[in-house]
Amino acid sequence: MKKTLLFIVLLFALINNLYAAPKHPTDSINIINKTIASKLLNDGIYLYQEGKNLEALLKFREAAEKDPTNWKAVYYISMLSYDQHNYHLSLLQAKSALKIKNADQQGELLEQYARTLHRMSKVDSALFYYKKSQQKLSKALIKELQVPLHIQQCVFAKKELESGKKTKRKVISRRINSKYHEYAPMIADSGKVLYFTSRRADTKGKSLNPSDQQYFEDIYIAKWNDEISDWDSVTNKIKRFNTPGFDAISHISRDGSKALLTINTEACVKVTTKGSDIFETKKSKRTGKFGTPRIIKNKTINTTFFDGAATITKNNKTMYFVTDRNFEKKATDIWVVHKEGNKWGKAKALPDIINTPGRETTPYISPDGKYLFFSSNGHVGMGGLDIYVSENKKGEWTKPINLGIMVNSVNNDTHFQYYPALKKAMMASIVSKKGKNNIDIYEVDMEGFVMPKK
């Protein structure tokens, strides 16, 4: 009997060992997968920093599949969706990352979640998570991610949203706005002609930008049709304007005779620019057609960095433009250059009352040179890029004033152009709804508008 019992005990022990045996290989597989996931994550981060977003996304997805406990892979996937203005998807991905064990203790992820909530107009929740992220982040990252500024922006946005003031902007015709990005709108010929920039499938060359897999941008023109009370005859077949690369219009004179363009052909077979450069063109009095755009030959204007989004006074003597040549300290700044005789002088940055460590972009100078409208994410606003105005008083710029909810949203608001005679302004803003996340063109009712003063 004792031998029988001993045999049964040994048999059970053997069976248990047989079932327990896979533990060591499984642990080994987990370690291998985690190691592979870590390598994929690092590769993805490198590609992301290089601007190769599609390749980076594939790495992050593979890393997340190999190691479901890797919150950072999902965090970067959320970041990529955010960069594509797909805030709805970015929010879902950040929320998914937060469910991973201990991920809710990661300051970077909490800040990303807050930022996405902010873009989705969930200001109270965004404010909560910004403050929570501040408790987890290092002082260096708090400064780098500008968390205190975002908290101030949430407070400002709440105040504007609760003020009872109404927005005066509305999306213009679907003959202009498509499923692609449209921006940089500007009116000429007493409001009868509209120029804008878009990234549509019929772009010249019909090529995709390899970094974001979107079509290169082209300049388009539309004409106002009184019979249908809408824009009509939309085309990018503007002789001499568009290249197979990036082409954008940033200034058109009121009579439509002169224009400033930003052109970048670095990704083309035939490279003709050093980066993004500023070009100028004018219409021939004989033919009424624009001539071939010519690069502005001034080493302090066009460099090997991004230089573009130029705007000019009515007398063609003072030009403002955007550059990232100080990228090590700042994002993009607004610079100014004056004509000295028939040539441009030495360009210089606007003072820090205008330029911040963040982004200043898409400036518009009033024809008389007195008021500068621009977009920035470095000043206190509603969030993202907001539109501001500053007045030039005896050669000094005043502290920029946010145009508030009349024009701005919690998303990126850019490319503001003011037409007092038409009592309207044109601008661009991100539309971020489920299934739609692109940039559209808006018209702003400026009836009764008075330049704000502090």
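Visitor: How many salt bridges does a search of the whole structure find?
Guide: The search finds 18 salt bridges. The model is a predicted one.

Visitor: Pick one. What does Lys 34 form a salt bridge with?
Guide: Its partner is Asp 67, and the closest N and O atoms are 3.4 Å apart.

Visitor: Is Asp 67 buried or exposed?
Guide: Asp 67 is buried, because its relative accessible area is 9% and the cut-off for buried is under 20%. Lys 34, at 41%, is partly exposed.

Visitor: Which residues meet Lys 330 in a salt bridge?
Guide: Asp 333 does, at 3.6 Å from N to O. Asp 352 does too, at 3.1 Å from N to O.

Visitor: Why does the pair of Lys 330 and Asp 352 tie together separate parts?
Guide: Lys 330 lies in the loop between β13 (318-323) and β14 (333-340), and Asp 352 lies in the loop between β16 (348-349) and β17 (360-365), so the parts they join are 22 residues apart in sequence.

Visitor: And the accessibility of the two Asp residues, buried or exposed?
Guide: Asp 333 is buried, with a relative accessible area of 3%. Asp 352 counts as exposed, at 60%.

Visitor: Which residues are linked in a network of salt bridges?
Guide: Asp 124, Lys 158 and Glu 162 are linked in such a network.

Visitor: New topic. What volume does the second largest pocket have?
Guide: About 470 Å³. It is lined by 23 residues, and the closest to its centre are Leu 80, Gln 84, Asp 212, Gln 214 and Asn 437.

Visitor: Which element gives the largest share of that lining?
Guide: Helix α3 does, with 4 residues. The elements giving two or more residues are α3, α4, α5 (87-98), β5 (214-215) and β24 (436-445).

Visitor: What is the lining like by class?
Guide: It has 8 nonpolar, 11 polar and 4 charged residues.

Visitor: Where is Leu 260?
Guide: Leu 260 is in strand β9, residues 258-264. With a relative accessible area of 4%, Leu 260 is buried.

Visitor: What is Leu 260 in contact with, leaving aside its neighbours within four places in sequence?
Guide: Its contacts include Ile 249, Phe 279, Ile 296, Ala 310 and Met 319. Ala 310 is 50 residues away along the chain, and the C-alpha atoms of Leu 260 and Ala 310 are separated by 6.5 Å.

Visitor: How many aromatic pairs does the structure hold?
Guide: The structure holds 19. One of them is Tyr 75 with Tyr 76, whose ring centres are 5.0 Å apart and whose planes stand at 75°, so this pair is edge-to-face. Both residues are buried.

Visitor: What about Phe 305 and Phe 327?
Guide: They form a tilted pair, 5.8 Å centre to centre with 40° between the planes. Phe 305 is in the loop between β11 (294-295) and β12 (307-312), and Phe 327 is in the loop between β13 and β14, 22 residues apart. Phe 305 is partly exposed at 31% relative accessibility, and Phe 327 is partly exposed at 48%.

Visitor: Which residues form one aromatic cluster?
Guide: Tyr 48, Phe 60, Trp 71, Tyr 75 and Tyr 76.

Key: Residues numbered from 1 in each chain as written. Predicted model: local features only at pLDDT ≥ 70, side-chain atom pairs only at ≥ 80, totals over all residues. Heavy atoms only, no water. Salt bridge = Lys/Arg side-chain N within 4 Å of Asp/Glu carboxyl O. Buried < 20%, exposed > 50% of the residue type's maximum accessible area, 1.4 Å probe, protein only. 1 Å grid on protein atoms, 1.4 Å probe; cavity = no way out; pocket = protein on both sides within 12 Å on 5 of 7 lines; lining within 4 Å. Points joined across faces, edges and corners; volume = space filled by probe spheres on them. Nonpolar A, V, L, I, M, F, W, Y, C, P; charged D, E, K, R; others polar. Contact = heavy atoms within 4.5 Å. Phe/Tyr/Trp six-rings, centres within 6.5 Å; stacked < 30°, edge-to-face > 60°.
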